[in-house]
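Here's a quick briefing on a few pieces of the structure below. Have it open while you read.

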Amino acid sequence: MPWSDIPAPYRRAAWLSGYAFAAVLAGSEIVILALALNPNVNADYRAYYIDQTTTCLNRDAIGSYTLGETVSFRSDGAKRAASIKVCGWSGSAGDGTHSLGETSRLRLEIPPLGHGLAATLQMAAVIRPPQITQRVVISVNGIRAHAVTLSGKEPRMVTFIIPPAALGKTDTLDIAFDYLDGIPQTPAASNIYKRSIKLVSFRLDAIDTD
Amino acid sequence: MALEDVARPSAGGRSIAVAVAAVPLLFVVSGLAIRYAAFASVSEGSGFAAYARALCRWDCAWYIGISELGYERFPIPNQSNVGRWGFFPFYPMLVAAIRVVFPFPTILVATVTSIVCSYAACLVAWPLLEKNMRAYVLYCAFLLSGPFSFHFTTFLTEPLFVLLTSCVFLALKRSSYLAAGVSSALLSATRLVGVLVVFATVIQMFREHREQGGSTLSFPRWVLGRPDLLVAIFISPAGLFAYILFLYLTIGDGFAFLHVQRAFGRVAGNPLVFLWDGLSAVSTTGWLPTAPQWSALAAITGLALSAVLAARRQYGAALFCALCIILPLITNLASMVRYVIGLAPLTMLVAVLLSASRLTYLAALVFFLGACYFMTVAWIGGYLALV
């Protein structure tokens, strides 16, 4: 019904109500917009979804680990490996666990240390000519531990000593793999789908640091 | 055609009303029969439940999840990056509400609800098609028995989106701005692009103002002097804002529906580049267009039809449809065919154009019914262009 059809005595009240309702709607929408423009989220959410500074959405996943144990990242070790994978992985598959995006992370709980640690990883590069090598930077607890360039389709054993500064008194190892040569699905595809390596196995050994 | 005969001026209003109600009902039945035949030809199961499950592909599973479990908080369970936040709440909420009354499996309730919505969308289209019976028959056939009828009869937002879009444009046609505003509010809670229909409302207001002899410059003052128009405008995005508030209160991010697109691999880019990439994705195995080519062609056809709407002075509908195509095109071509065929003003325009001559009308009708079978088989088989 057009407003002009409202009987005169009620018309003014209807107009005022209309303006008031419109003002409430507009005000509510401005407030909601202001809230949305100031999200109240944690750093991990912000980094992945909003700022898009990482392709690896950090989670509080952490797996237990016994020194000297070799964890397979092929299909046969999927269940064991699942607990230490944080983000940036796809699979496990028959040829290993494939990296996804520009960073992958593992996190594991280790017993108290009175010694140093050596990590042994079996990894293969994902190759699509002209990209025939993959540079990987490995950091432990935020400290750069090793850099390696993988080439060829066959898995390669990579061994490095974890810097003592990365160990400190912590009982947790947060291992980040940063890929400098990830291969996008297509030129326009999202970087969350980049492929770089296949992780085949992982192992930590105690070493004498004296 | 018998149906045309009933619609002749000599026929009484009652027989026309019966025809208007019966035509979509006929296509509901024929569509079910054709799609079921397609389902039976590729599936081992039988029965309506198995049929409904088989047609529940792609996004359908997300809507079932929302209808049954609601939205996740953060962090998302099972170490997933993809939350359900990208899928708007109104239709799954509606299905959940109906399921309270009819406690059947969600997909069955949703399938019946979708058919009812599409049927209702046909009825609403009758006055929008200027009571052109040929166009009406084609439109009903397209929605309920056509090549994309599975989109309008399973648990996707298209049935409700088409119904609400038609309600908005019918309300605008009758200058019922408050009704248009309320329908727009529901539309904006159904799909993100639904909020864009507010531009069509403002354009219709402007048109009415001009028809009353008002000048362009006096339009803002005219609107500000009419609280009913202000309410209609501000209530139009209310569904979207309600969802933003919900996301803020539960996740802390009101724009989570946008931000989660990253986890689906959607990246903002140049729509023209996406179109070119799609058209360039030539098949290496046959002559049929590839899925990206179909998607690019759908977007181009949709934009061309929007231009035709504009040429026919339906500026509001033209702008709404063009924006509904361009906005998703900014991320990529995914689901473009579904987005285009879900734009009611475009499909109505196609129905009007094809009904211009008896030959094209009959050919289109036969094509729609025949293609329904093969496209349903392709949908069940997971053909990528139909996602």
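**Quick tour of chains A and B**

In chain A, two residues make the hairpin that links strand S4(A) to strand S5(A). This is a predicted model, where local features need pLDDT of at least 70, side-chain atom pairs count only at pLDDT 80 or more, and totals for chains, interfaces and linings use all residues. Residues are numbered from 1 along each chain as its sequence is written, chains are lettered from A and ligands numbered from 1 in the order in which they are written, and side-chain values use heavy atoms, leaving out hydrogens and water.

**The hairpin in chain A**

- S4(A) covers residues 89-93 and S5(A) covers 96-99, and they pair in the antiparallel sense over three bridges (pairing takes at least two DSSP bridges; strands are DSSP E runs of at least two residues, and helices are H or I runs of at least four, numbered from the N terminus).
- Ser90(A) has His98(A) as its bridge partner in S5(A).

**Domains of chain A**

- Domain 1 spans 3-37 and domain 2 spans 56-207, with bounds from an automatic or database domain assignment.
- Their C-alpha centres sit 58 Å apart.

**A helix pair in chain B**

- The axes of H2(B) (residues 13-42) and H20(B) (residues 358-380) come within 8 Å and cross at roughly 40° (axes are lines fitted to C-alpha atoms over the stretch in contact, and angles run from 0 to 180 degrees between N-to-C directions).
- Residues of H2(B) including Phe27(B) and Ile34(B) meet residues of H20(B) including Leu365(B) and Tyr373(B) (contact means heavy atoms within 4.5 Å).
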